[in-house]
Amino acid sequence: MSDKAVITCSLNGVLTDPKQHHVPVTPEQMAREAKAAYDAGAAIVHIHLRDQRPDKGHLPSWDVNVSREIQQAIREACPGIIINHTSGTSGPNYQGPLACIRETKPEIAACNAGSLNYLKVKADNSWAWPPMMFDNAVEKVQDFLDAMKDAGTIPEFECFDVGIVRCVGMYVQTGMYSGPLEYNFVMGVASGMPADPELLPILLKLKRPEAHWQVTAIGRAEIWPLHQACADLGGHLRTGLEDTFYLANGEKVTSNGQLIDEIAGCARRAGREIASPEEARKIFGVLH
């Protein structure tokens, strides 16, 4: 168990609409929200890029210049903070995220480690969105690992289901990847792993023993027992407006800072201190 808990803030996500929720879009907004999270204890921020044109902020972007501007604004506002860059995209054209990683060289980047039918059903038993495949074939994973190796970026292996956790071990076993190992157990996606604390001991048995791990919990107030279990079992912690809008008491938040305050409380109740950005760099082996 790591006595220091590294906190990641997922600032904005890819699906949340800024017209409906308080998600940041512009470099200035991203820096402001990153600072709120940083001041509350976040050592890492996970960023998604949005279209910067007026009224287009609900759309994703893979513009390298947007990535650079956002990272620069965040680094100026939050000295020493670690950037964790998104890479997730469906379909055969993923040159945009590869270019962002190669050219901006973030310290960490998400590496989606397997495919998932990304589904959700509404209360009236209809699809919440057209059924889609979040495709991450082995060849695609290898392309991202190669780009991250070239950039000096550490992959954070995103695991949406139990079998994907096992795949990561195979990537190491076959020599696809060697280096610092981080798992992110994504729990709460309707067609993936449930946000159930009882699943954590199984996932910990399946991960590589030397690896760091954290949980991304998707949902409302019901996710907070999972965050507490993660803290109790020695995992690192993540929350933010990408993952939830709700505190444990059901209150809806307006800023990432409120969520980081809440998850820092999980670490403290587990008897753990919050890692500074400098300490997080040592824990994860971040070199720059």
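How many nonpolar, polar and charged residues are in the lining of the largest pocket? By class, that lining has 18 nonpolar, 17 polar and nine charged residues. Here Ala, Val, Leu, Ile, Met, Phe, Trp, Tyr, Cys and Pro count as nonpolar, Asp, Glu, Lys and Arg as charged, and the others, Gly among them, as polar.

This is a predicted model, in which local features need pLDDT of at least 70, side-chain atom pairs count only at pLDDT 80 or more, and totals for chains, interfaces and linings use all residues. Residues are numbered from 1 along each chain as its sequence is written, and side-chain values use heavy atoms, with hydrogens and water left out.

**Two pockets**

A pocket is an open set of points on a 1 Å grid over the protein atoms alone, where a 1.4 Å probe fits and protein lies on both sides within 12 Å along at least five of seven lines; lining residues have an atom within 4 Å of a point. Its volume is the space filled by probe spheres set on the points.

| Pocket | Volume | Lining | Nearest the centre |
|---|---|---|---|
| Largest | about 1300 Å³ | 44 residues | V14, L15, Y118, I218 and E242 |

Strands β5 (108-112), β7 (132-134) and β9 (182-187) each supply at least two residues of the largest pocket's lining. For the second largest pocket, the largest share, five residues, comes from α4. Helices (H or I, at least four residues) and strands (E, at least two) are DSSP runs, numbered from the N terminus.

**Around strand β10**

Now let us turn to β10. Strands pair if DSSP finds at least two bridges between them. On one side, β9 and β10 run parallel and are joined by six bridges, with F185 opposite V215. The chain passes from β9 through helix α6 (residues 200-206) to β10 in a right-handed β-α-β crossover. Right-handed means that, with the strands pointing away from the viewer, the path from the first strand over the helix to the second runs clockwise.

β10 also pairs in the parallel sense with β11 (residues 236-239), over two bridges, and there Q214 stands opposite H236. Together with helix α7 (residues 224-232), β10 and β11 make a right-handed β-α-β unit.

**A buried serine**

S67 sits in helix α2 (residues 64-77). Because its relative accessibility is 0%, S67 counts as buried. Leaving out residues up to four places away in sequence, S67 touches L49, H85, C100 and T104, where contact means heavy atoms within 4.5 Å.

Technical notes:
Buried < 20%, exposed > 50% of the residue type's maximum accessible area, 1.4 Å probe, protein only.
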